[in-house]
Amino acid sequence: MERALSFGSAAEAYERYRPGYPGSVVDLLLEHVPPGGRALEVGAGTGKATRAVAARGVPVTAVEPDPEMRTVLGRVTEGLPVTVVAATLETLLSSVTDSQHDLLYAAAAWHWTDPATRWARAASLLPEGGVFASTGGPVDLVDETLTAAVERVRSEVMATDEVTASAEPLTGLRWPGDELDASPWFTDVEEHDLTTTSWWDADAVVGLMSTVSAWLMVPAERRVEVLGRVRAELPERVEVRRELVLHRARRTGVAVAQLDHPGGPESTD
């Protein structure tokens, strides 16, 4: 939870350095949303995916627990059909969850939800036939020599900067598709690999690293020093691989037992 709520201190850097989502992702998110449909986003952050969905004319209820992230989220989605809600998936008020949403999605955020309840809660927020989707993935250096050099420096402060979602796949699908495929509340699970490679400025690569939760847990002075040494290992331009995977499924008719909604502030706009 501490890592999940660490992003606010880097909200502006998050907005600057985290990549947005291409039209191909938005197409998959909205393919089965009917005209006039609505979307609910879990862990909206600074609105990287929010603005892309809302720009298509689909109203989005954007759920984000961190106040500093919400400040940026509200700014970048001004004028779009977006309602910002101060909550997590686990603390959504019934007044929000009772609203009809045809799509529930998360962009680089589903791993922060509670494994014990996330699929039941997701199912409870969707009508039969409604769509669940999750997308995201790491940005890594293509050059293995550079990767090894960066890892040598990084190992001084952490073993890994990854957030492990599930150790062993439950099915042949990657996480969270494996969990989704095993859930009685979802069917027709799809996995779409939208991985790309491109060239970035080295400063942007290090900037992105500075917004990763594992790095945000390192004391600020030490973090700046070590990231400076990472930057020294890189040439001015580097090739990166963005492993962007999207999972999508439909809600079955299997009922979900009543879940408690502890509550909290309902909205901020």
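Residues are numbered from 1 along each chain as its sequence is written, and side-chain values use heavy atoms, with hydrogens and water left out.

Where pLDDT is low, the predicted coordinates should not be read in detail. For the protein as a whole, the average pLDDT is 90, and 87% of the residues score at least 70.

Let me turn to the overall picture. The protein has 11 helices and 10 strands, taken as DSSP runs numbered from the N terminus, with helices being H or I of at least four residues and strands being E of at least two. Of its 269 residues, 48% count as buried, which is to say under 20% relative accessible area, with exposed meaning over 50% and partly exposed in between, for a 1.4 Å probe and protein chains only. Among contacts between residues at least 6 apart in sequence, 78% join residues at least 24 apart.

Now to lysine 48, which is placed in the loop between strand E1 (39–42) and H3. Is this lysine 48 buried or exposed? Lysine 48 counts as buried, because its relative accessibility is 14%. Its side chain reaches the backbone oxygen of glutamate 15 at 2.6 Å, and a polar atom of that side chain also lies 2.8 Å from the backbone oxygen of arginine 18. Leaving out residues up to four places away in sequence, lysine 48 touches Tyr14, Glu15, Arg18, Pro19, Gly20 and Tyr21.

Beyond its neighbours within four places in sequence, alanine 54 is in contact with Val60, Leu80, Pro81 and Val82.

My last topic is the aromatic rings. Rings of Phe, Tyr and Trp (its six-membered ring) pair if their centres lie within 6.5 Å, with planes under 30 degrees apart counting as stacked, over 60 as edge-to-face and the rest as tilted. By this rule there are five aromatic pairs. In one of them, tryptophan 110 and tryptophan 119 have ring centres 5.3 Å apart and planes at 50 degrees, so the pair is tilted. Tryptophan 119 and phenylalanine 186 have ring centres 6.1 Å apart and planes at 70 degrees, so that pair is edge-to-face. Because tryptophan 119 lies in helix H6 (residues 118–124) and phenylalanine 186 in strand E7 (residues 186–193), the pair ties together parts that are 67 residues apart in sequence. Tryptophan 119 is buried, with a relative accessible area of 7%, and phenylalanine 186 is buried at 4%. Ring pairs link Trp110, Trp119, Phe132 and Phe186 into a cluster.

How values were computed. This is a predicted model: local features need pLDDT of at least 70, side-chain atom pairs count only at pLDDT 80 or more; totals for chains, interfaces and linings use all residues. Contact means heavy atoms within 4.5 Å. A polar contact is a pair of N or O atoms within 3.5 Å; within protein, one must be able to donate a hydrogen and the other to accept it, and residues adjacent in sequence count only if both atoms are side-chain atoms. pLDDT is the predictor's confidence in each residue, from 0 to 100.
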